[in-house]
Amino acid sequence: MANRKTSSHKADTSATLQKLITDENMVILGHVNGPHGIRGQIKVVSYTERSDGLRDYPIWWFGKQDEQWIALHPEDCSVSGKYIIAKLREYNDRLSVAALAGQQIAVPRSHLPSLPDNGEDGYYWADLIGSNVINLRGEILGQVTGLLETGANDALQIRLPESTRVLLIPFIDQVIANVDLSSREITVDWSADY
């Protein structure tokens, strides 16, 4: 609580794909790790609180923020370790679904449960993007540009002020001291020189 090139697969030209250009705010709920098996399944990393939380949505939008999203229909979703394995109705083979590798999976914010603006009852990862990150000493570390799954845990991706350097900070209770959505500020127990 995060490319797509149009495949030559015949489903891309069928009426089953909805290309969506929208002003509505999309909330990133996961990304495609890659294909799984030979029948058009994908391996998905979910950013939802429950590992199977993406299964609650009958349509997933694939793409990148601020670009065109493509609506696809997940079927036969199951949890396998830290991944969701999903068969997409529009794809039937490994080669065609491989084009989705690295794509973000989102849903329109209007499809998500409402959360209070203060973040005390939870927040969506998308709400953290652009927040300033300061440490317990009051040092400004930078601004959140993304959230990444690093294997052991999730991490805030921070762009350092006036630099192209990126800092990764573990998104775990021992490090994240406070998240204040109203002031767009995250306080961390982390040194500027880590």
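## Report on a predicted single-chain model

The chain has an accessible surface of about 10,400 Å², and carbon and sulfur atoms account for 46% of that area. The model is a predicted one. Its chain holds 194 residues, of which 45% count as buried. Two helices and 14 strands are found in the chain.

### Strand pairing

Strand S2 (residues 26–36) and strand S3 (residues 41–46) run antiparallel and are joined by six bridges. In this pair, histidine 36 stands opposite glutamine 41 of S3. S2 and S3 form a hairpin, with four residues between the two strands. Glycine 37, in the turn of that hairpin, has a positive phi of about 75°.

S3 is also joined to strand S7 (residues 83–88), here by five bridges, and these two strands run antiparallel.

Strand S8 (104–108) pairs with S2 in the antiparallel sense over five bridges. Valine 107 in S8 is the bridge partner of valine 27. S8 also pairs with strand S4 (residues 60–63), in the antiparallel sense and over three bridges. Here phenylalanine 62 stands opposite isoleucine 105 in S8. How far is S8 enclosed by the rest of the structure? Four of its five residues are buried, so S8 is largely enclosed.

### Nonpolar core

The largest nonpolar core has 52 residues. Within this core, the residues with the most contacts are Ile42, Trp60, Leu156 and Ile169. For tryptophan 60, the contacts beyond its neighbours within four places in sequence include Ile42, Val44, Leu54, Ile70, Ala71 and Leu72. Pro74, Cys77, Ile84, Ala86, Ile105 and Ala106 are also in contact with tryptophan 60. Among these contacts, Ile105 is the residue that stands opposite phenylalanine 62 in the pairing of S4 with S8.

### Salt bridges

The count of salt bridges comes to three.

| Arginine 89 | Glutamate 75 | 3.3 Å |

Arginine 89 and glutamate 75 form a salt bridge, with their closest N and O atoms 3.3 Å apart. Arginine 89 lies in the loop between S7 and helix H1 (94–97), while glutamate 75 lies in strand S6, so this pair ties together parts that are 14 residues apart in sequence. Arginine 89 has 45% relative accessibility and counts as partly exposed. Glutamate 75, at 30%, also counts as partly exposed.

Arginine 109 is in the loop between strand S8 and helix H2 (125–128), and aspartate 127 is in helix H2, so the pair ties together parts 18 residues apart in sequence. Is aspartate 127 buried or exposed? At 17% relative accessibility, aspartate 127 counts as buried, whereas arginine 109, at 28%, counts as partly exposed.

Arginine 137 is exposed, with a relative accessible area of 62%. Glutamate 139 counts as partly exposed at 32% relative accessibility.

### Positive phi outside glycine

Aspartate 76 is not a glycine, yet its phi is positive, near 50°. This aspartate is found in strand S6 (residues 74–80) and counts as exposed at 62% relative accessibility. Arginine 184 likewise has a positive phi, of about 55°, although it is not a glycine. Arginine 184 lies in the loop between strand S13 (176–180) and strand S14 (185–188). Its relative accessibility of 33% places arginine 184 among the partly exposed residues.

### Nonpolar surface patch

Which residues make the nonpolar surface patch of about 220 Å²? Leu148, Val166 and Leu168 make this patch. Valine 166 belongs to strand S12 (residues 166–170). Valine 166 counts as partly exposed, at 41% relative accessibility.

Conventions: Residues are numbered from 1 along each chain as its sequence is written. This is a predicted model: local features need pLDDT of at least 70, side-chain atom pairs count only at pLDDT 80 or more; totals for chains, interfaces and linings use all residues. Side-chain values use heavy atoms; hydrogens and water are left out. Patches are made of residues with over 30% relative accessible area and no salt bridge: like charges are joined within 9 Å, nonpolar side chains (Val, Leu, Ile, Met, Phe, Trp, Tyr) within 5 Å. Accessible areas come from the Shrake-Rupley method with a 1.4 Å probe; for residues, only the protein chains shown count as cover. A salt bridge is a side-chain nitrogen of Lys or Arg within 4 Å of a carboxyl oxygen of Asp or Glu. Buried means under 20% relative accessible area, exposed over 50%, partly exposed in between (1.4 Å probe, protein chains only). Two strands pair if DSSP finds at least two bridges between them. A nonpolar core is a set of buried Ala, Val, Leu, Ile, Met, Phe, Trp, Tyr and Cys residues joined through side-chain atoms within 4.5 Å. Contact means heavy atoms within 4.5 Å.
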